[in-house]
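Here is a short briefing for a reader new to this structure. Please look over the sequence and the model first.

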Amino acid sequence: MIQQYPAHIIDQLWHGSADALVAAMARNGGECTGDQLKMMLMRGELLLIGSDDLWAAVQHVQHPNRRVLHIYAVASKLNGDGLNQADIAELCEYARQTGCTALTCSADKAAERLYARYGFVSQYVTMGIEL
């Protein structure tokens, strides 16, 4: 069962545990480093959730027509990376319990293929241009 951890204990959980999220951040195209993720969690900008098998940095997003749980980073505790069907089921249940109607994430092409195996569908592509 997933639980949410309060921001004031992030530092205690980080070393040797939640720091598994650092590897997940390496795939985000330079948007955020592992240290920056930790800072965002400690400031309460994102939530740290975890269970026996996973750690995730998430945020509830209230859109006009739906509330979603957006996954910013996720890592399996068992192998330090990747997800399985049970992890997705846990995340979906946590999302439901917190009033969400959907679970979303951003993904590169490799992660997109992984998430598609678990029922995720592409909603749109985020594109950018360097200034």
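C32 counts as buried, because its relative accessibility is 11% and the cut-off for buried is under 20%. This is a predicted model.

**Cysteines**
- The whole structure has 0 disulfides.
- C32 takes part in no disulfide. Its nearest cysteine sulfur belongs to C105 and is 16 Å away.
- C105 is in no disulfide either. For C105, the nearest cysteine sulfur is that of C92, 11 Å away.

**Largest pocket**
- The largest pocket holds about 1,500 Å³ of space.
- Its lining has 44 residues. Closest to the pocket's centre are H70, C105, S106, A107 and D108.
- Five elements are named as giving two or more residues to this lining: α2 (21–25), α3 (34–42), β4 (67–76), β5 and α5 (109–117).
- α5 provides the largest share, with 7 residues.
- By class, the lining comprises 26 nonpolar, 11 polar and 7 charged residues.

**Aromatic pairs**
- A search of the whole structure gives 2 aromatic pairs.
- In one, the ring centres of Y5 and W55 are 5.4 Å apart. Their planes meet at 45 degrees, so this pair is tilted.
- Y5 lies in strand β1 (residues 3–5) and W55 in strand β3 (residues 54–62). The pair links distant parts of the chain, 50 residues apart.
- Y5 counts as buried because its relative accessibility is 14%. W55 is buried too, at 5%.
- Y115 and F120 also form a tilted pair. Their centres are 5.0 Å apart, with 55 degrees between the planes.
- Y115 is buried at 8% relative accessibility. F120 is buried, with a relative accessible area of 17%.

**T104 in strand β5**
- T104 sits in strand β5 (residues 102–105).
- Its relative accessibility is 11%, so T104 counts as buried.
- Beyond its neighbours within four places in sequence, T104 contacts R66, V68, L69, H70, I71 and Q123.

**D87 in helix α4**
- D87 belongs to helix α4 (residues 85–97).
- D87 counts as buried because its relative accessibility is 1%.
- D87 and Y72 are 15 residues apart in sequence. Their C-alpha atoms are 15 Å apart in space.

Terms used:
Residues are numbered from 1 along each chain as its sequence is written. This is a predicted model: local features need pLDDT of at least 70, side-chain atom pairs count only at pLDDT 80 or more; totals for chains, interfaces and linings use all residues. Side-chain values use heavy atoms; hydrogens and water are left out. Helices (H or I, at least four residues) and strands (E, at least two) are DSSP runs, numbered from the N terminus. Buried means under 20% relative accessible area, exposed over 50%, partly exposed in between (1.4 Å probe, protein chains only). Contact means heavy atoms within 4.5 Å. A disulfide is a pair of cysteine sulfur atoms within 2.5 Å. On a 1 Å grid over the protein atoms alone, a cavity is a set of points where a 1.4 Å probe fits but cannot get out, and a pocket is an open set with protein on both sides within 12 Å along at least five of seven lines; lining residues have an atom within 4 Å of a point. Grid points are joined across faces, edges and corners, and a volume is the space filled by probe spheres set on the points. Ala, Val, Leu, Ile, Met, Phe, Trp, Tyr, Cys and Pro count as nonpolar, Asp, Glu, Lys and Arg as charged, and the others, Gly among them, as polar. Rings of Phe, Tyr and Trp (its six-membered ring) pair if their centres lie within 6.5 Å; planes under 30 degrees apart count as stacked, over 60 as edge-to-face and the rest as tilted.
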